[in-house]
Amino acid sequence: MKYILAFFIIVNLVSCTREEPDCTTIVLNQLQMNPYSNQEIGCKTFLILFEFDNEQYFLETNNCADMSRPILDCAGNDVCENNITNCSEISDSIYQLENRIG
């Protein structure tokens with residue numbers, strides 16, 4: 001009986017599930033960026049998180065540089081460059097959102 005109990009305890013410990021990293025953590029790691037914590041952004045490139053059709057996307061931008069602004073999915077892929085999803089719909093959604101905020 002002791003062996004059965006020990007077996008179930010070991011199985012329970014070994015089978016504990018690890019939490020998968022969230023979308024933001026994955027993209028930050030891929031781009032070798034740190035999470036924002038009220039530090040001065042200055043001219044560093046940063047990400048803006050937004051949702052479209054219940055999916056998270058990131059807009060990579062910079063306050064000091066006039067740059068093309070890639071739209072990234074949770075895997076860090078540029079959705080417009082790789083035709084992963086409808087780029088024009090997402091771009092229009094971002095433009096409308098930025099106009100409401102700004």
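**The pocket, then the rest**

Sixteen residues line the largest pocket, and those nearest its centre are Met33, Asn34, Tyr36, Thr45 and Phe46. Keep in mind that this is a predicted model.

**Largest pocket**

- The space inside the largest pocket comes to about 340 Å³.
- Which elements supply at least two residues each to the lining of this pocket? They are helix H2 (23-30) and strand S1.
- S1 gives the largest share of that lining, with four residues.

- Three strands make an open sheet, running in the order S1-S2-S3 with antiparallel pairing.
- S1 and strand S3 (71-72) sit at the edges with a single partner strand each, so one side of each has no neighbour in the sheet.
- In general, strands of a sheet pair through backbone hydrogen bonds, either parallel or antiparallel.
- S2 and S3 run antiparallel and are joined by two bridges.
- If you want a spot to look at, find leucine 59: its bridge partner in S3 is isoleucine 71.

**Nonpolar core**

- The largest nonpolar core is a set of eight residues: Phe50, Phe52, Tyr57, Leu59, Ile71, Val79, Ile90 and Ile94.
- Strand S1 (46-52), strand S2 (55-61) and helix H3 (87-101) each bring at least two residues to this core.
- Leu59 and Ile71 are both members of this core, and the two are also bridge partners, as leucine 59 and isoleucine 71.

**Disulfides**

- How many disulfides does a search of the whole structure find? It turns up two.
- A disulfide is a covalent bond between the sulfur atoms of two cysteines.
- One of them pairs cysteine 23 with cysteine 74, with the sulfur atoms 1.8 Å apart. This pair links distant parts of the chain, 51 residues apart: cysteine 23 is in helix H2, and cysteine 74 is in the loop between S3 and H3.
- The torsion about the S-S bond of cysteine 23 and cysteine 74 is about -105 degrees, so this disulfide is left-handed.
- Is cysteine 23 buried or exposed? At 9% relative accessibility, it counts as buried, being under the 20% cut-off. Cysteine 74 has a relative accessible area of 25% and is partly exposed.
- Cysteine 43 and cysteine 64 form a disulfide too, with their sulfur atoms 1.9 Å apart. This pair also links distant parts of the chain, 21 residues apart: cysteine 43 is in the loop between H2 and S1, and cysteine 64 is in the loop between S2 and S3.
- The link of cysteine 43 and cysteine 64 is left-handed, with -75 degrees about the S-S bond.
- Cysteine 64 counts as partly exposed, at 47% relative accessibility.

**Two loop residues with positive phi**

- Aspartate 53 is in the loop between S1 and S2. Its phi is near 50 degrees, a positive value in a residue other than glycine.
- With a relative accessible area of 59%, aspartate 53 is exposed.
- Asparagine 54 also has its place in the loop between S1 and S2. Its phi is positive as well, about 65 degrees, although asparagine 54 is not a glycine.
- Asparagine 54 is exposed, with a relative accessible area of 74%.

Methods. Residues are numbered from 1 along each chain as its sequence is written. This is a predicted model: local features need pLDDT of at least 70, side-chain atom pairs count only at pLDDT 80 or more; totals for chains, interfaces and linings use all residues. Side-chain values use heavy atoms; hydrogens and water are left out. A nonpolar core is a set of buried Ala, Val, Leu, Ile, Met, Phe, Trp, Tyr and Cys residues joined through side-chain atoms within 4.5 Å. Buried means under 20% relative accessible area, exposed over 50%, partly exposed in between (1.4 Å probe, protein chains only). On a 1 Å grid over the protein atoms alone, a cavity is a set of points where a 1.4 Å probe fits but cannot get out, and a pocket is an open set with protein on both sides within 12 Å along at least five of seven lines; lining residues have an atom within 4 Å of a point. Grid points are joined across faces, edges and corners, and a volume is the space filled by probe spheres set on the points. Two strands pair if DSSP finds at least two bridges between them. A disulfide is a pair of cysteine sulfur atoms within 2.5 Å.
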